[in-house]
Amino acid sequence: MTLPIARPSVTIYTDGACKGNPGPGGWGAWLVSGDHHKELFGGEAQTTNNRMELMAVIEALASLKRSCDVQLYLDSEYVRKGITEWLANWKRRGWRTADGKPVKNVELWQRLEALVALHRIDWHWVRGHAGDPGNERADALANRGVPRVR
């Protein structure tokens, strides 16, 4: 009898930022696994806050080298509800919202869905800018990712 191999556990905090919406934006993620910490950030010159919130989660999950048990903390109800509640109906309706409009950021939702399938994820919403240390760190990383506009 073979025992299942335990998945590594990782805690991830993500956030997005946008200076104007649309405008220059950034995403940030802080990953913690035992004594190991990783900071990720990036951005786009012309984007939206929702895209940056999605990119933070996508880039964090994409950085994992193998399947993990993930505790994921984010302040975006758009991302949390999108992946846990709305996605199945969007797909059933051919990537249309309940009122028949095309779902925004479809390519990002599809990337996120594929990454989510690789891991066991518990989604946790936290109030942004309310002093949660992980969220504050992710927010600072997201702001570092915002491209400097000249």
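In what order do the elements of the protein run from the N terminus on? The order is β-β-β-α-β-α-α-β-α, which comes to four helices and five strands. Helices (H or I, at least four residues) and strands (E, at least two) are DSSP runs, numbered from the N terminus.

This is a predicted model, in which local features need pLDDT of at least 70 and side-chain atom pairs count only at pLDDT 80 or more, while totals for chains, interfaces and linings use all residues. Residues are numbered from 1 along each chain as its sequence is written, and side-chain values use heavy atoms, with hydrogens and water left out.

**The whole chain**

Begin with the C-alpha trace, which spans about 55 × 40 × 25 Å along its principal axes. Of the 150 residues, 44% count as buried; buried means under 20% relative accessible area, exposed over 50%, and partly exposed in between (1.4 Å probe, protein chains only).

Select residues 49-62, which form helix H1. This helix has 14 residues and reaches 20 Å from its first C-alpha to its last, close to the 20 Å expected at 1.5 Å a residue; the expected span is 1.5 Å times one less than the number of residues. Buried residues in H1 include Met52, Leu54, Val57 and Leu61.

Next, pick Glu53, also in H1. Glu53 counts as buried, at 5% relative accessibility. Leaving out residues up to four places away in sequence, Glu53 touches Asp15, Gly16, Asp75, Ser76 and Val79; contact means heavy atoms within 4.5 Å.

**Pro22**

From Glu53, move to Pro22, 31 residues apart in sequence and 13 Å apart in space, C-alpha to C-alpha. Pro22 is in the loop between strand S1 (9-18) and strand S2 (23-33). A cis peptide bond, with omega about 15°, joins Asn21 and Pro22.

**Leu72 in strand S4**

Now select strand S4 (residues 69-74), where Leu72 is found. Is Leu72 buried or exposed? Leu72 is buried, with a relative accessible area of 0%. Beyond its neighbours within four places in sequence, Leu72 is in contact with Ile12, Thr14, Val57, Leu61, Ile121, Asp122, Trp123 and His124. The C-alpha atoms of Leu72 and Thr14 are separated by 7.7 Å, although the two are 58 residues apart along the chain.

**Helix H3**

Continue to helix H3 (residues 106-116), where Val106, Leu108, Trp109, Leu112, Leu115 and Val116 are buried. To see what surrounds them, display H1, helix H2 (77-92) and strand S5 (120-125), against which the buried residues of H3 pack.

**Two loop residues**

Most residues other than glycine have a negative phi, and most peptide bonds are trans. Two stops with positive phi end the tour. Trp95, in the loop between H2 and H3, has a phi near 60° and counts as buried, at 18% relative accessibility. His129 lies in the loop between S5 and helix H4 (133-145). The phi of His129 is near 55°, and this residue is exposed, with a relative accessible area of 59%.
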